[in-house]
Amino acid sequence: YLQLVHDLGLDHLLVDTAAVIGVVRDGKVIDIDPAKPWQLPFTPALSARGKLQLARGFLRLRSTIASVDSYNMGPSMMLDDPAVTATEYARRYFGQEVTDYLIDPLIRLTTGSGADNASALNVLGALGAWSGTLRSVRGGLGTVTDELARRVDLRLGTAVTGVDESAAGVTVTYVDDTGEHTLSADGCVIGAMYHRAADMWPALSSASSEFGDKLRNVKLISVSLGYSVPTRTAAYP
């Protein structure tokens with residue numbers, strides 16, 4: 001995301017943001033500021049036992065957390081375990097209370113999903129980001145997508161009906177209020193639920209039939225096809 005901001009020429013809008021998070025406990029919002037660790041022993045957000053487990057977990061994971069780049073977790077994938085969720089990993093090191101009231105909210109903030117649907121590595125990334133510098137864009141994150149959209153031929157209110165490949169590239173067929181149209185490009189990226197992606201590009205079913213069968217019960221998935229797309233034209237269903 002930071003690289004995208006740089007590529008769009010929006011570096012001047014980057015600002016540091018506070019890492020303070022609000023924990024809801026007993027119907028009250030309690031602020032926790034990682035920049036003031038001396039306040040943690042006195043916070044009512046966690047019980048005495050929870051605070052002890054939090055401190056113990058941080059001590060056990062301190063060097064591991066420091067080794068993970070929260071903005072580029074790919075190189076740390078060897079620390080992950082596909083069989084262990086973020087919830088299970090957090091319970092192992094911090095216990096149930098800290099997982100429910102601190103780790104899960106952090107995971108939701110950094111991944112957009114609850115800890116039950118995140119990986120163990122996300123726990124390390126979230127804790128690393130929380131204890132480090134957080135950045136945002138002045139004017140809101142919509143500034144980034146607005147600038148990105150300004151640079152492409154963005155067409156809303158369309159339905160993509162087919163993607164065909166050839167030696168020259170791809171042809172995208174779509175329908176809007178005026179009828180059916182086609183676009184030609186060097187490549188194409190499909191971001192859609194699996195069954196919709198397979199409808200647009202039938203080759204996906206034969207290319208990954210076994211994988212696809214497992215995905216049909218997933219509520220939402222982004223299917224990215226690895227093409228370079230120098231064209232400035234895009235159509236979105």
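Me: How many aromatic pairs are there by the rule?

Reply: The count is two. Rings of Phe, Tyr and Trp (its six-membered ring) pair if their centres lie within 6.5 Å. This is a predicted model, where local features need pLDDT of at least 70 and side-chain atom pairs count only at 80 or more, while totals for chains, interfaces and linings use all residues. Residues are numbered from 1 along each chain as its sequence is written, and side-chain values use heavy atoms, without hydrogens and water.

Me: Why is the pair of Phe 58 and Phe 94 called edge-to-face?

Reply: The planes stand at 70°, with the centres 6.0 Å apart. Planes under 30 degrees apart count as stacked, over 60 as edge-to-face and the rest as tilted, so 70° gives edge-to-face. Phe 58 is in helix 2 and Phe 94 in helix 3, 36 residues apart.

Me: What makes Phe 94 buried?

Reply: Its relative accessible area is 1%. Buried means under 20%, exposed over 50%, partly exposed in between (1.4 Å probe, protein chains only), so Phe 94 is buried. Phe 58, at 25%, is therefore partly exposed.

Me: Why is the pair of Tyr 89 and Tyr 93 tilted?

Reply: The planes are at 50°, so the pair is tilted; the centres lie 4.9 Å apart. Both residues lie in helix 3, four residues apart.

Me: Why are helix 2 and helix 3 called oblique to each other?

Reply: Their axes cross at roughly 135° and come within 9 Å. Under 35 degrees is roughly parallel, over 145 roughly antiparallel, 65 to 115 roughly perpendicular and the rest oblique, so helix 2 and helix 3 are oblique.

Notes: Helix = DSSP H or I, 4+ residues; strand = E, 2+ residues; numbered from the N terminus. Axes fitted to C-alpha atoms, helices over the stretch in contact; angles between N-to-C directions.
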